[in-house]
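Welcome to a short tour of a structural model.

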Amino acid sequence: MGDLPASDLFIIITVLLSGAGIVVGVIVPAIGQMVVARSAMNAIARQPEASDAVNRALILCLAMLESLAIYILAVILILLFANPLRQFILGG
Amino acid sequence: MELEQEFIPVVLFHIGPLQVTSTIVDTWIIMAIVSVAVIVLGKRLQIKPARWQNALEWVVEAIDGVIRDMIPENPRLFLPIVGTLMVFITAANLGGLIPGLSSPTSDINTPLAMAIVVFFSVHYYGIHEKGLLGHLKHYVEPIFILLPIELASELARTLSLTFRLFGNILGEEIVIAVLFLILPYFVPVPMMLFSIFTSVIQAYVFGMLTVVYISGAVRAYE
């Protein structure tokens, strides 16, 4: 890749890093959501009468965890479509 | 980059110094649909509800139930703001499914505006219920070392409210657009069905978090 111009290299590296980043950024919150959902299911199985309260807390926790994945998505969208450093490499 | 053009709102016209983007026009259309629907449905209310009035009452009771669980004393005070947010976000998210419209919530300015409304209403209700000193006191309870953490969490919750709604809706639209580029007509349909689910859940989560934040400000600590 040594003889590629800097702009091509920049695009290739951005795309590669974005792909890798979204994979990691989705897997980690997914594992967290798995743990939360499993505990909630256990709690509902143990005490079905508490399922309303558990459901509410479950949705809140899942939303909190999901926002981690959303942060990664926002960063990667900025990297891909609105990278502020792009003008230095690609020249405007 | 046609995909890129799809998600950046275009400036349609100017009113004085203000730019009117396509997001604002879409918001107006959705506001008009919701307002007309609610005015028409709320016109002939009866003691024994008919079909549509029943549906409307179910929505109000569901939102009221969410608030009542979190804030047992005087929950009706918070019904207007939470109900408005939930109904508007649901309509705005679902509006993206109408051809020609795009969800106003997939432009970051709309979720940011609503998160700022939530930020100020939390403080308004906190001061309204407990007085200025009582409201400020809960930042230094139980110990004053927590003050920076509390202030940081005030900012973080506003940002996370914004980005959660924005990212979910925009991500959904991007996935649908990418599927549409690959295989049009039938492949995006399951994803669009799934986006109905996401839209409603995100509106619920936004309203729920609003209730949680307000309840944190107005709850009496023993």
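At what angle do helix 6 of chain B and helix 7 of chain B pack, and how many Å apart are their axes? In this predicted model, helix 6 (residues 147-182) of chain B and helix 7 (residues 188-218) of chain B pack at an angle of about 175°, and their axes are 10 Å apart. An angle over 145 degrees counts as roughly antiparallel, and that makes helix 6 of chain B roughly antiparallel to helix 7 of chain B.

Next comes another helix pair of chain B. Helix 3 (residues 51-70) of chain B and helix 4 (residues 79-95) of chain B have axes that come within 10 Å and cross at roughly 120°. Helix 3 of chain B and helix 4 of chain B are therefore oblique to each other, and their crossing is right-handed. Helix 3 of chain B contributes B:Val60, B:Ile63, B:Asp64 and B:Ile67 to the contact, while helix 4 of chain B brings B:Leu79, B:Val82, B:Gly83 and B:Met86. Sorted by class, the residues of this contact between helix 3 of chain B and helix 4 of chain B are six nonpolar, one polar and one charged.

Here are the two pairs in a table.

| Helix pair | Angle | Axes |
|---|---|---|
| Helix 6 and helix 7 of chain B | about 175° | 10 Å apart |
| Helix 3 and helix 4 of chain B | roughly 120° | within 10 Å |

Now let us turn to chain A. Chain A has three helices and zero strands, giving the pattern α-α-α along the sequence. Its radius of gyration is 20 Å, well over the 12 Å that the globule rule gives for 92 residues, so chain A is more spread out than a compact globule. Along the principal axes, the C-alpha atoms of chain A fill a box of roughly 65 × 25 × 10 Å. Buried residues make up 7% of the 92 residues in chain A. Of the contacts in chain A with a separation of 6 or more, 76% are between residues 24 or more positions apart.

Finally, the two chains meet: eleven residues of chain A are in contact with ten residues of chain B. The side of chain A that touches chain B consists of eight nonpolar, one polar and two charged residues.

How values were computed: Residues are numbered from 1 along each chain as its sequence is written. Chains are lettered from A and ligands numbered from 1 in the order in which they are written. This is a predicted model: local features need pLDDT of at least 70, side-chain atom pairs count only at pLDDT 80 or more; totals for chains, interfaces and linings use all residues. Axes are lines fitted to C-alpha atoms, for helices over the stretch in contact, and angles run from 0 to 180 degrees between N-to-C directions. Helices (H or I, at least four residues) and strands (E, at least two) are DSSP runs, numbered from the N terminus. Angles under 35 degrees count as roughly parallel, over 145 as roughly antiparallel, 65 to 115 as roughly perpendicular and the rest as oblique. Two residues are in contact if their C-beta atoms, placed from the backbone, lie within 7 Å. Ala, Val, Leu, Ile, Met, Phe, Trp, Tyr, Cys and Pro count as nonpolar, Asp, Glu, Lys and Arg as charged, and the others, Gly among them, as polar. The radius of gyration is taken over C-alpha atoms; the globule rule is 2.2 Å times the number of residues to the power 0.38. A residue is buried if 20 or more other C-beta atoms lie within 10 Å of its own, exposed if 12 or fewer, and partly exposed in between; C-beta atoms are placed from the backbone. A crossing is left-handed if the near helix is turned anticlockwise from the far one by less than a right angle, and right-handed if clockwise.
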